[in-house]
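Subject: Structure for your files

Hello,

Please find the structure below. My notes come after it.

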Amino acid sequence: MTTVQKIYEYIDSIAPFETAMSFDNVGLLVGNPQQTVTKVLVTLDVTSKVIDEAVKKGAELIISHHPVIFNPIKNVLSDSVPFLAAKNNITIISAHTNLDVARDGVNDSLAEKIGVQIDECFDEDCAVFGHLESEIESVEFAEQIKTRLECNGLRFTNRDSKIKNVVVSCGAGGDNIFLAKKLNADAFVTGEIKHHEIIFANENNIAVFDLGHYQSENHITEKLTKKLSENFPDVYFEKSEVFTDGIQYI
């Protein structure tokens, strides 16, 4: 018999919750640690549609990357996600920045998928530094990322010479462009970057690849689902079929 607590302890072993950044809110956020689990949904975010999906599929547990409760709650209304989860006896575990920086976690997996071989990890900055197998042009790297992540599109800037060394920082990692400068990186890959950070990159001849938050992290749900399935064969784990960020490209 597998309980929420056992699954929590496994996640803690591969992505210790204590390694989450100070601003974060991770761990068991809704529900009962002693609840017996037979079906689990794995998702980037918990939305009302994901709760509906869990109910229809009979899942007792949802594992999310982004915390279902992030800021302090002042009320719990009937249409809020935490209320809907509790109402339907669904437990939620969230593994966020602890999973970002874990070995084989979000940053490592993103680097691997886009062809960056990791040389050094900067967990305190939620970033990794690595290199490409061979030097390539900015547009070629953009196409490589788009193909390997199966993106509909991404934003990027050109560099006036080829790319070899790359800093990767998933999610809202735009401020790590300054780390990329310190490391003399040729390129910077992230999920969100601000205008002034792009300008800084341009001034320092660093190519920027802005994937969108969802595309920079959603790949981890499939990997985590596989790991959990291998470690808990008596439980059915499934990646959410309904969650998307809704972004379209024209």
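This is a predicted model: local features need pLDDT of at least 70, side-chain atom pairs count only at pLDDT 80 or more; totals for chains, interfaces and linings use all residues.

Five strands make up an open sheet with mixed pairing, in the order 1-4-3-2-11. From one strand to the next, the twist averages 25 degrees. The pairing of strand 2 with strand 11 is parallel and runs over four bridges; Val 40 is opposite Phe 237 of strand 11. Helix 2 (residues 48-57) packs on the sheet, where it touches strand 2, strand 3 and strand 11. The direction of helix 2 makes about 160 degrees with that of strand 2.

In helix 1 (residues 4-14), the buried residues are Val 4, Ile 7, Tyr 10 and Ile 11. Viewed down the helix axis, they fall within an arc of 125 degrees, so they line one face of helix 1. Their cover includes strands 1, 2, 3, 4 and 11, along with helix 10 (219-231).

The whole structure contains eight aromatic pairs. One of them, Tyr 214 with Phe 243, is tilted, at 5.9 Å centre to centre and 50 degrees between the planes. Tyr 214 belongs to helix 9 (residues 213-217) and Phe 243 to the segment after strand 11, so this pair ties together parts 29 residues apart in sequence. Tyr 214 and Phe 243 are both buried.

Regards

Notes: Residues are numbered from 1 along each chain as its sequence is written. Side-chain values use heavy atoms; hydrogens and water are left out. Buried means under 20% relative accessible area, exposed over 50%, partly exposed in between (1.4 Å probe, protein chains only). Helices (H or I, at least four residues) and strands (E, at least two) are DSSP runs, numbered from the N terminus. The arc is that of the directions from the helix axis to the C-beta atoms. Contact means heavy atoms within 4.5 Å. Two strands pair if DSSP finds at least two bridges between them. Axes are lines fitted to C-alpha atoms, for helices over the stretch in contact, and angles run from 0 to 180 degrees between N-to-C directions. Rings of Phe, Tyr and Trp (its six-membered ring) pair if their centres lie within 6.5 Å; planes under 30 degrees apart count as stacked, over 60 as edge-to-face and the rest as tilted.
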